[in-house]
Amino acid sequence: MASFSFGAGNARKLASLPLYALGRVATVLIPRRRDSWVFGCGVGIADGALALWNVAVADGHPAVWLVGSAREARDAADRGMPYAGKRSLRGFWLTARARIVVVTHGFGDVNRYGVSGAFIVQLWHGIPLKRIGLDSAETVRSGILPRSKAVRAILRRMYRGAARRIHVLPAASHLVRGRLESAFGLPDERVPVTGEPRVDVLSLGSPESRRSAARAAIAAAAGQAEPTDRLVLYAPTWRDGASDPAVPSPAEWHAIVDVLNRHRAVLLVRSHPLGAGEYAPSFATDRVLGLGSDVVPDVTPLLPGLDALVTDYSSLAFDAALVPLPVVFLAPDVDAYARTRGFYGSYADVAGGDWAAEWTAAARQLDVLLADQSDRARRIELSQRLSARVHDFRDGGNTRRVYRAILAGLGEQHSGRFTKGLR
């Protein structure tokens, strides 16, 4: 079932305008501590925020992670991390007092009413293929008066105003930098090309050690896969709260499982946490296992343990290119998606010209990939070419570069309005 949409989220933002105003006033009056950091992440204790946390804390900066659920609180406690509920009064106070606020999805990763006046680091959560932010009309769609141009204009002004508060938004490459500058309405100096902290895990250590660690983590999370099984991940993107149109029919499930049985493979299904589809075969099989965000908040470290990826418009295709993994693209609604959400460039720029439009065709492509080493090599080469286009760094040093960019930005803020009220 769908759990979130822009329309519903924006309606809540409009209803919360008085709280935003109160928060803005409060953050003017509450002094920010000179070296205090708060972190949050839309998927839990994970992603680029965790990578940056490890560097900042190791360098001696006081930091608190703001959690949004009991599970996140347990994860933080297990890691020995100071934490607080982001929607609590203490979460507001910590956000309002922090000099540096680090998020990966949006200001709701921390306490959204306490961010005004902070040095905001927006790490984002993947290289965009689908249009995002100011580049997408979906961003300003509202459940309140959905046809109103005035409401859309208000939301666009709110979004642009919020984006202007961002001080550092790291980009994976100069190509990606242009997309982020456009989507967030930011100037060059706020979008440094440093690489993404979230993918450093795909470059550190040897390929063998990365695969071994990933396979062990997958086995612990998924449970039933045998060590010798080949692992295929299916990861569709978010469709603004709508169900995935590629949920297999009973006949398609049989075609998929036939391929999996033939190659001793397991399909790990990771529907998007904000808009999950129903991925239960209509018959008993141990060849299809769930690997949702409720099981593994961050799937990126697990990519080296896979043998193939099946996806549509997900940024995981760009992450998988760093491994590199062979990819089967399954896009049943590409024309409609291009009209409503839109792409940066064309879908063929990423997927090539032979993507599948339904699962039967995708299963045939997967069958060939798992059986034919030349087809596997061809798809890996396509991933390597894609990686060369979108990743300027593959040295595991992205987090350090982002950290240095933050310190440089803070240094430029030592004089003027920002330092007023700091302690």
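User: What share of the 423 residues in the protein chain is buried?
Analyst: Buried residues make up 56% of the chain. Keep in mind that this is a predicted model. Buried here means under 20% relative accessible area.

User: How many helices and strands does the chain have?
Analyst: The secondary structure comes to 15 helices and 11 strands. The accessible surface of the chain is about 17900 Å². Carbon and sulfur atoms own 55% of that surface.

User: What part of the contacts with a separation of 6 or more comes from residues 24 or more positions apart?
Analyst: Such residues account for 69% of those contacts.

User: Is L22 buried or exposed, and why?
Analyst: Exposed means over 50% relative accessible area. L22 has 59%, so L22 is exposed. This leucine is found in helix α2, residues 17–29.

User: Which residues is R401 in contact with, leaving aside its neighbours within four places in sequence?
Analyst: R401 is in contact with T194, F393 and D395. A contact needs heavy atoms within 4.5 Å.

User: What makes α13 and α14 roughly perpendicular?
Analyst: They pack at an angle of about 105°. The range for roughly perpendicular is 65 to 115 degrees. The two helices are therefore roughly perpendicular to each other. Their axes are 5 Å apart, and α14 spans residues 373–390.

User: Which residues make the contact of α13 and α14?
Analyst: Helix α13 gives Q365, V368, L369 and A371. Helix α14 gives Q373, D375, R376 and R379. Three are nonpolar, two polar and three charged.

User: How do you know that both faces of strand β4 are covered?
Analyst: Look at the residues on each side. I100 and V102 lie on one side of β4 (residues 100–103), and V101 and V103 on the other. They are all buried. In a regular strand the side chains alternate between the two faces of the sheet.

User: Which strands pair with β4, and in what sense?
Analyst: Strand β1 (residues 37–39) pairs with β4 in the parallel sense over three bridges. F39 has V102 of β4 as its bridge partner. Strand β5 (residues 119–122) also pairs with β4 in the parallel sense, over four bridges. There, V101 stands opposite I120. Two bridges are enough for strands to pair.

User: Why do β9 and β11 stand at the edges of their sheet?
Analyst: The sheet is open, with five strands in the order β9-β8-β7-β10-β11 and parallel pairing. β9 (288–290) and β11 (327–329) each have a single partner strand, so one side of each is left without a neighbour in the sheet. On average, neighbouring strands are turned by 25° against each other, direction ignored.

User: How many bridges join β8 to β9?
Analyst: Three bridges join β8 (residues 265–269) to β9, and the two run parallel. V269 has G290 in β9 as its bridge partner. Helix α9 packs on this sheet, touching β8 and β9. Its direction makes about 135° with that of β8.

User: Which residues of helix α7 are buried, and what covers them?
Analyst: In α7 (residues 174–184), the buried residues are V176, R177, R179, L180, E181, A183 and F184. The cover includes β5, α6, β6, α10 and α14. Just after α7, G185 takes a positive phi of about 65°.

Technical notes. Residues numbered from 1 in each chain as written. Predicted model: local features only at pLDDT ≥ 70, side-chain atom pairs only at ≥ 80, totals over all residues. Heavy atoms only, no water. Buried < 20%, exposed > 50% of the residue type's maximum accessible area, 1.4 Å probe, protein only. Axes fitted to C-alpha atoms, helices over the stretch in contact; angles between N-to-C directions. Parallel < 35°, antiparallel > 145°, perpendicular 65-115°, else oblique. Nonpolar A, V, L, I, M, F, W, Y, C, P; charged D, E, K, R; others polar. Areas by Shrake-Rupley, 256 points an atom, 1.4 Å probe, with all protein chains shown as cover.
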